[in-house]
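Here's a quick tour of one protein chain, topic by topic. Keep the 3D view open and click along as you read.

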Amino acid sequence: MKIQDLLKKDLMLLDLQAITKEAAIDEMITNLVEKDIVHDFETFKKGIMAREEQMTTGLGDGIAMPHAKNIVVAEPAVLFAKSSKGVDYASLDGQPTDLFFMIAAPQGANDTHLAALAELSQYLLKDGFADKLRAARTPEEVIAVFDAASEKADAEAVVAPVEGQDFIVAVTACTTGIAHTYMAEESLKKVAAEMGVAIKVETNGASGVGNKLTADDIAKAKGVIIAADKAVDMPRFNGKPLVNRPVADGIKKTEELINIILEGKADTYVAKEGEASVQSEEKLSAGQAFYKHLMSGVSQMLPFVIGGGIMIALAFLFDNILGVPKDQLGNLGSYHEISSTFMKIGQAAFGFMIPVFAGYVAYSIAEKPGMVAGFVAGAIASNGLAYGKIAYAAGGEATSGLSGVPSGFLGALVGGFLAGYLVLALKKYVKVPRSLEGAKSILILPLFGTILTGLLMLAVNIPMSAINTALNDFLNGLSGSSAVLLGLLVGGMMAVDMGGPINKAAYVFGTGTLAASVTSGGSIVMAAVMAGGMVPPLAVFVATLLNKDKFTSEERDSGLTNIIMGLSFITEGAIPFAAADPARAIPSFIAGSALAGGLVGLAGIKLMAPHGGIFVIALTSNPFLYLAFVLIGAVVSGVLFGYLRKAK
């Protein structure tokens with residue numbers, strides 16, 4: 001598939017009006033929606049903005065390639081847009097952007113379009129190509145520029161290194177494998193040619209490994225450049241001078257990287273036993289590592305929590321609607337056949353939550369060998385297995401054998417880290433003959449990791465079960481001042497960084513309490529968390545509505561879109577306003593979010609679903625009062641933000 005197959009003429013915007021990054025993204029997505037390429041504006045935009053948070057897609061030289069692979073995309077397409085004014089897009093070179101390629105790819109689509117995207121990335125750094133696009137006045141002229149470049153590329157011959165010429169090899173990779181991977185490749189090839197250096201660049205893109213380096217290539221090379229933001233195959237470079245940098249450096253600091261190799265300043269790479277991935281040159285602090293591994297587990301766990309939790313919540317809802325006799329209230333959620341069916345499916349999904357969480361925490365630490373030990377640790381935490389008669393059953397009587405009280409989310413948290421670091425230690429210290437090296441990762445590490453983790457978890461479960469039980473008793477007994485204070489705390493946390501570590505900590509705590517309370521009517525904490533998270537975007541709308549003179553027309557338009565984001569529990573909608581004016585916006589948002597969370601706690605409102613906003617409002621114990629508290633928080637935040645905001 002050629003890029004011309006995806007560059008649809010009716011999608012092109014040859015006079016983009018926006019002058020800010022988000023407005024430009026909104027204008028392009030709107031066109032995709034109007035042409036039925038994208039079915040849901042907000043969902044696709046969330047995917048685009050999530051990619052921008054990882055690293056800007058403003059590649060420099062006036063070019064940007066925002067992209068997302070999303071379930072709301074009907075068919076793969078590339079929207080070309082051109083601005084005569086220039087857009088402040090936070091590009092890598094800090095300069096305005098005037099050429100845009102917004103790439104929309106369907107979720108689960110095959111990778112045939114990725115080759116075309118790689119082709120696009122390679123064209124954009126060729127001399128004169130961007131200028132020809134800037135000169136194009138019609139969609140037909142844009143397509144003609146690509147046709148000419150395609151014909152020229154087909155005619156180019158591969159130039160082999162001549163005798164005596166310096167030769168280096170490189171690997172490029174970005175997190176999505178669509179844009180930066182190939183831009184770095186082209187930049188390395190271009191600068192190397194200008195310096196008279198022969199180079200071969202391997203790309204680790206979304207469509208797979210391209211131009212793969214051979215053992216002979218590596219042996220002949222003077223050194224290796226790794227320009228990557230994700231793991232690539234490293235042990236093959238053992239003993240070679242190697243420089244390891246982010247993919248952005250491969251695009252913008254190309255000459256510097258090549259000179260490090262040519263001048264002999266690169267360190268010799270020594271492969272560690274069992275190593276199979278790139279380690280960042282910047283070592284993570286203990287806190288950063290903990291957060292990274294925790295979020296790895298949480299991100300894999302959430303689909304199980306959301307799917308299973310909502311199914312269980314619907315089981316209660318159906319029984320409440322259909323009615324249950326007073327003498328059968330103990331079977332609420334399973335009395336009618338439809339409710340029982342939903343309950344069983346939900347419990348099946350929910351049952352995977354804790355093992356999946358622990359398994360992927362361990363996977364983040366020790367990769368695949370750690371996964372099985374992590375899953376086992378999570379299963380033990382979920383089942384409450386423990387040594388002897390020390391653990392006690394729910395009725396208070398001593399149990400016999402390996403049984404006890406589940407340690408839940410907290411036990412899985414400890415178990416995941418325990419499994420991961422145990423396997424990591426085994427990987428480092430267990431030595432085997434070279435002939436058994438292949439069996440180490442698939443037999444020795446999983447086996448002994450599982451044995452050691454399992455035996456230790458039988459002991460860990462004893463104190464963790466006690467802590468988990470005490471916490472659940474506290475949460476189930478929440479009322480009065482304790483519920484208000486906890487609601488104030490978690491509600492306010494949701495607005496501190498709106499999607500960052502503090503926000504995620506509150507959300508993870510909320511989902512953890514839901515796991516223990518969803519079968520008994522839901523969690524007050526989860527209800528406070530969602531209320532607090534809904535407030536900031538709604539507050540933006542209130543502020544822009546009441547104080548129009550203090551906001552630009554684009555900000556007022558964004559305020560309207562924040563209604564949907566707030567009602568959908570997408571706190572990130574308020575981030576642009578918080579980033580632009582943090583000293584006034586963030587305290588205002590925290591005040592309203594904390595108030596909403598505190599009111600929810602005061603009223604003892606419970607929620608049985610971990611996400612969904614207005615769409616799961618029926619799954620709260622008091623929908624109308626809950627919505628009123630969210631609106632009160634939004635009005636307080638909005639009025640406060642509008643009052644503090646300086647007039648434009």
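The protein chain has 23 helices and 11 strands; helices (H or I, at least four residues) and strands (E, at least two) are DSSP runs, numbered from the N terminus. This is a predicted model: local features need pLDDT of at least 70, side-chain atom pairs count only at pLDDT 80 or more, and totals for chains, interfaces and linings use all residues. Residues are numbered from 1 along each chain as its sequence is written, and side-chain values use heavy atoms, with hydrogens and water left out.

**How confident is the model?**
- The chain's mean pLDDT (the predictor's confidence in each residue, from 0 to 100) is 81, and 85% of its residues reach 70 or more.
- Among the elements, helix α2 (residues 21-34) has the highest mean pLDDT, 94, while helix α4 (residues 112-124) has the lowest, 63.
- Over residues 154-159 the pLDDT stays under 50, and the model gives that stretch 2 contacts beyond four places in sequence; contact means heavy atoms within 4.5 Å.
- Residues 274-283 are also below 50, with 20 contacts beyond near neighbours in sequence.

**What's inside?**
- Buried residues (under 20% relative accessible area; exposed is over 50%, partly exposed in between; 1.4 Å probe, protein chains only) make up 50% of the 648 residues.
- A nonpolar core is a set of buried Ala, Val, Leu, Ile, Met, Phe, Trp, Tyr and Cys residues joined through side-chain atoms within 4.5 Å. The largest one has 58 residues, and Val298, Met301, Phe357, Val529, Val600 and Tyr626 touch the most other members.
- Apart from that core lies another one of 31 residues, including Ile63 and Val142.
- Met498 sits in the loop between α17 (480-493) and α18 (501-517), yet Met498 is buried, at 2% relative accessible area.
- Met498 and Ala578 are 80 residues apart along the chain, but 9.0 Å separates their C-alpha atoms.
- Asn562, in helix α20 (residues 553-567), is buried too, with 0% relative accessible area. Beyond four places in sequence, its contacts include Pro537, Gly573 and Phe577.

**Which charged pairs meet?**
- The count is 19 salt bridges, each being a side-chain nitrogen of Lys or Arg within 4 Å of a carboxyl oxygen of Asp or Glu.
- Asp166 pairs with Lys222, with the closest N and O atoms 3.7 Å apart. Asp166 is in the loop between α6 (139-155) and β6 (167-173) and Lys222 in the loop between α8 (215-220) and β9 (224-228), so the pair ties together parts 56 residues apart in sequence.
- Arg645 and Glu555 also form a salt bridge (3.0 Å, N to O). The two are 90 residues apart, with Arg645 in the segment after α23 (623-644) and Glu555 in helix α20, and both are buried.
- Glu22, Asp26 and Lys45 are linked in a salt-bridge network.

- Leu447, in helix α16 (residues 437-476), counts as partly exposed because its relative accessibility is 42%.
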